[in-house]
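I start from the sequence and the structure shown here.

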Amino acid sequence: MKTIQVVLEADLLVQADEAASRAGTNRSALIREALREHLRRLRILRLEEQHRLGYERFPDVEDDLKGWEAATSWGE
């Protein structure tokens with residue numbers, strides 16, 4: 001691990017320390033976990049955007065789905 005400096009507003013620091021205390025952890029672990037979660041959310045948003053753009057470029061066509069109804073039928 002590397003040590004870094006982060007500048008936080010005083011009230012944010014108080015809230016972070018309180019949250020860390022409630023979670024039974026320390027400030028650094030709380031910030032690491034918050035950053036991991038934020039980066040995970042950003043990745044999901046980026047993938048969703050790529051997915052949306054892909055469907056804009058290559059939209060679903062109803063004809064593409066013909067024939068699948070019989071393949072997915074459970075019968076009687």
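**Entry 1: ground rules.** I note that this is a predicted model, in which local features need pLDDT of at least 70 and side-chain atom pairs count only at pLDDT 80 or more, while totals for chains, interfaces and linings use all residues. I also note that residues are numbered from 1 along each chain as its sequence is written, and that side-chain values use heavy atoms, with hydrogens and water left out.

**Entry 2: the whole chain.** I looked up the secondary structure and found three helices and zero strands, where helices (H or I, at least four residues) and strands (E, at least two) are DSSP runs numbered from the N terminus. Read along the sequence, the pattern is α-α-α.

I then checked the overall dimensions: the C-alpha trace spans about 60 × 35 × 25 Å along its principal axes. The radius of gyration of the chain is 23 Å, whereas a compact globule of 76 residues would have one near 11 Å; this radius is taken over C-alpha atoms, and the globule rule is 2.2 Å times the number of residues to the power 0.38.

For the surface, I found that 4% of the 76 residues count as buried (buried means under 20% relative accessible area, exposed over 50%, and partly exposed in between, with a 1.4 Å probe and protein chains only). The chain exposes about 7600 Å², of which carbon and sulfur atoms supply 57%, by the Shrake-Rupley method with a 1.4 Å probe.

**Entry 3: helix H1.** H1 has 14 residues and reaches 20 Å from its first C-alpha to its last, close to the 20 Å expected at 1.5 Å a residue; the expected span is 1.5 Å times one less than the number of residues. After H1 comes Gly 24, whose phi is positive, near 70 degrees.

**Entry 4: the pockets.** I first wrote down what a pocket is: on a 1 Å grid over the protein atoms alone, it is an open set of points where a 1.4 Å probe fits, with protein on both sides within 12 Å along at least five of seven lines, and lining residues have an atom within 4 Å of a point.

The largest pocket holds about 490 Å³ of space, a volume being the space filled by probe spheres set on the points. Of the 15 residues that line the largest pocket, Ile 4, Val 6, Ser 28, Ile 31 and Arg 32 are the closest to its centre. H2 gives the largest share of this lining, seven residues. The lining divides into eight nonpolar, three polar and four charged residues (Ala, Val, Leu, Ile, Met, Phe, Trp, Tyr, Cys and Pro count as nonpolar, Asp, Glu, Lys and Arg as charged, and the others, Gly among them, as polar).

The second largest pocket has a volume of about 160 Å³. Its lining consists of Leu 8, Leu 12, Gln 15, Ala 16, Ala 19, Leu 30, Ile 31 and Ala 34, which divide into seven nonpolar, one polar and no charged. H1 (10–23) and H2 each supply at least two residues of this lining, and the largest share, four residues, comes from H1.

Entry 5: Why does Leu 53 count as partly exposed? Leu 53, in helix H2 (residues 27–57), counts as partly exposed because its relative accessibility is 37%. The C-alpha atoms of Leu 53 and Asp 17, 36 residues apart along the chain, are separated by 41 Å.

Leu 35 is also placed in helix H2 and is partly exposed, with a relative accessible area of 49%. From Leu 35 to Ala 71, C-alpha to C-alpha, I read 45 Å in space and 36 residues in sequence.

Glu 37 lies in helix H2 and, at 25% relative accessibility, counts as partly exposed.
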